[in-house]
Amino acid sequence: TFVHMEDKTRFLDWLSWSLQNEKKKPGFAPMLFSCEKGTGKSTLCQFVSRLFGNENTFSMNGVSQVTGRFNKPLLDSKLLVLEELKLNPASNQGNALKSYITEENTSTERKGVDIEKTTQCCCFLFTTNHLPQWIEGNDRRFHVIDMGHDGHASGPEAEEFAKFMIEFYDWMDEPKNIAKAYNALMQRKQSDGFNPKALNTSKIKTPVMKQIRSTSQETLQQQLAETLEDD
């Protein structure tokens, strides 16, 4: 469930473009966010994975498998789903992930094989239950999408949402339904102004993206003040 229609439109633009351009990679990645659990983030990831196909998808928790050694099989996939993403952007892992999101040429390693240069066209999809305050205000790699709603596990609409989820899983289990969704996305024309290579965060007016930009600036100022005090 998308809280804001502009997030839904941009997500569908990203998804349809990524399916239509299997040998190309987008320059940014959606991040599904809600403080509460049980809002459908993982279910949406499962649906997207079925659209790309299991043989083209890797799903995992965290980032260590992608940024660690022997990641060649992962980067050979089209879709990488990283759930419960927590990141220190200044760390080696953070820098590596940012590079993998945008750069087509990289070095990878397979067990028993020397490091090799390769071209990768992965697209990334993230989930998190924590507001990603570590995202820099001008970072164009992450499109944070608010998935919070009253149907979460302890919310007032939990029972109604649970019934919907049962119906949706039954729907997803029918290959013909996935095929219909895939065909519709393959025919979808992206919105005017959509740029798969660059995310203009200044034009995204959703409350969560505004909060991230604001919080990021406050965090940067606090870190700078602490550094000056230490000196």
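Visitor: Why is Asp139 called buried?
Guide: Buried means under 20% relative accessible area, exposed over 50%, and partly exposed in between (1.4 Å probe, protein chains only). Asp139 has a relative accessible area of 7%, so this residue is buried. The structure is a predicted model, in which local features need pLDDT of at least 70, side-chain atom pairs count only at pLDDT 80 or more, and totals for chains, interfaces and linings use all residues. Residues are numbered from 1 along each chain as its sequence is written, and side-chain values use heavy atoms, with hydrogens and water left out.

Visitor: What makes Arg141 and Asp139 a salt bridge?
Guide: The term requires a side-chain nitrogen of Lys or Arg within 4 Å of a carboxyl oxygen of Asp or Glu. Between Arg141 and Asp139 the closest N and O atoms are 3.3 Å apart, and the pair is a salt bridge. Arg141 itself is partly exposed, because its relative accessible area is 25%.

Visitor: How many salt bridges does the structure hold?
Guide: Seven. Another one of them joins Glu6 and Arg10, at 3.7 Å from N to O.

Visitor: Where do Glu6 and Arg10 lie?
Guide: Both are in helix H1, residues 5-20, and four residues separate them, about one turn of the helix. A helix here is a DSSP run of H or I with at least four residues, a strand is a run of E with at least two, and numbering starts from the N terminus. By this count the protein has eight helices and seven strands.

Visitor: What does the salt bridge between Arg188 and Asp13 tie together?
Guide: The closest N and O atoms of Arg188 and Asp13 are 3.0 Å apart. Arg188 lies in the loop between helix H7 (175-187) and helix H8 (207-230), while Asp13 lies in helix H1, so the pair ties together parts that are 175 residues apart in sequence. Arg188, at 25% relative accessibility, counts as partly exposed; Asp13, at 2%, counts as buried.

Visitor: Why does Thr206 count as buried, and what does Thr206 touch?
Guide: Its relative accessibility is 1%, so Thr206 counts as buried. Thr206 lies in the loop between H7 and H8. Contact means heavy atoms within 4.5 Å, and Thr206 touches His4, Glu6 and Asp7, leaving aside residues up to four places away in sequence.

Visitor: What makes Gln133 partly exposed?
Guide: Its relative accessibility is 42%, so Gln133 counts as partly exposed. Gln133 is in the loop between strand S6 (123-128) and strand S7 (142-146).

Visitor: How many of the 231 residues count as buried?
Guide: The share is 46%.

Visitor: How do you know that the radius of gyration agrees with a compact globule?
Guide: The radius is taken over C-alpha atoms, and the globule rule is 2.2 Å times the number of residues to the power 0.38. For 231 residues a compact globule would be near 17 Å; the protein has 18 Å, which agrees. The C-alpha atoms fill a box of roughly 60 × 50 × 35 Å along the principal axes.
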